[in-house]
Amino acid sequence: MRRIFDVIEAYHMIEPGMHVIAGVSGGADSVCLLYVLNEYRRKVPFMLTAVHVEHGLRGEESLEDAQFTSRLCGEMGLPFRLAHACVKQLAGEKGMSIEEAGRVERYRIFEEIRKELGAQKIAVAHNRNDQAETVLHHLVRGSGLKGLGGICPVRGAIIRPLLFTERREIEEILVKANVPWRVDRTNLEQEYTRNKIRLSILPQMERELNERAVEHIAQAAERLQQVQSYLEQVTDRAAQKCIFIPGESGKTVLPAEREFRNRQTDRGSVCILLPSFFEEDDLIRQELIRRALAMCGGLRDVGAVHVNALMKLAEMDCGRELSLPGGIRAVRENQMIRFARQSRPEHAEQEVLVLEEPGHYWTEDWEITVELMENSEVLYTQIIAEKKYTKWFSYDTIKSNVLFRTRRTGDYLVVNAQGGRKKLKDYLIDCKIPKDRRDQIWLLAEGSHVLWVPGYRISEAAKVTKTTKKVMKIQLEERSK
């Protein structure tokens, strides 16, 4: 526990006389946070209030967590606040996963209570294992340098005293102090990506590669945070020359102060001036793109594949454009790229994702895995055993970009070996898909040629044959709502 106190002091997390609220779920991490902070009050006097957010997801078990936390706070003599949230409803309304919706709602509630109580800090229980999980999660998603830096010990009013403590140490502290905790059964299910990393990938790395894998990944994140801090300073200077918001007294160049780094414009339009943009190194160009997307409020779900596509867009002719997650459209105009949030009509086409190379891609609805492989008799036999949301395509027949999008006028399927075509609209009618759902169905397409209607069929022209040389495998996994 002494090392946790050292972290609090090294990062100036808590000063005498402060009021700190602590997010407490009832699990080992947050219970340890509450216990350690309460012990730290013996050394530094400050007010401490526990806040428990009940997500409304696990019925009686969720209510029991709230009751447990309330009793624990009573035993410690600490004020307790209980808040209820409808996370599932929020996820549906915002197009988020339940995981993400829960996180967003928790922080909203924490901030609301912090202001109500006049508190200065919000303590949350992220630990070193969470740091390693976050870095790996961002790594496989194709995150930038900032994402690979993981979680910061201090971010605004948020403090994380346990960030340099491993989960096993946390449980040791609680056992030694005879402090009980609750186990959330959803943390043991591998339905969520983070749980897969926590329960399978990291333990395997520790067993088979290095028993200190978590520690080393977390240390790498610390170093990358230092690099990111320097990179932001360089990007600040470049942004003064490259990024502006149109319509605010002509061309408004953003100041370089930290508080403007992620400024969002209510006008919904941000531009990158390309002559100045091309004067910068490749790495700074990527950071400028991320900065512009953040200002449009469209950085969520953006990975390296999107940044790379925007880097290519900058070198294309005027008039070319790209749709991005979060409803952002990037348009190549005269000497600039304009980023703007789209107000999409009810039945308009949803965002287009270009699948250019193997890897992982994300939309608000789907996680997409793309693989390329050589055909073989074994593979061909596997392909015959069709799976609903895993399909194999003849990569030999694909000549241009493959898009993951909703339908467009002129879309068609090839429905027989002779090359006979059928309008996508007619096919959807034949499948008895309601009219109001047809614009919501995602498609895999090459131009107007629909290669796959997920959950239904693939185009005959895209099927793998015994003579196919290269195969493209695409697997879809619906993201939790």
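Begin by selecting I14, A22, L34, L37, F46 and L48, which touch the most other members among the 39 residues of the largest nonpolar core (a set of buried Ala, Val, Leu, Ile, Met, Phe, Trp, Tyr and Cys residues joined through side-chain atoms within 4.5 Å, where buried means under 20% relative accessible area with a 1.4 Å probe, protein chains only). The model is predicted, so local features need pLDDT of at least 70 and side-chain atom pairs count only at pLDDT 80 or more, while totals for chains, interfaces and linings use all residues. Residues are numbered from 1 along each chain as its sequence is written, and side-chain values use heavy atoms, with hydrogens and water left out.

Next, colour α1 (2-10), β1 (19-23), α2 (28-40), β2 (47-54), α3 (59-76) and α8 (167-177), each of which supplies at least two residues of this core; helices (H or I, at least four residues) and strands (E, at least two) are DSSP runs numbered from the N terminus. The most comes from α2, with 9 residues.

Now centre on F46, which, leaving aside neighbours within four places in sequence, is in contact with I14, E15, G17, M18, V20, L37, Y40 and R41 (contact means heavy atoms within 4.5 Å).

The buried residues of α13 are V305, H306, V307, A309, L310, M311 and L313.

Terms used: Buried < 20%, exposed > 50% of the residue type's maximum accessible area, 1.4 Å probe, protein only.
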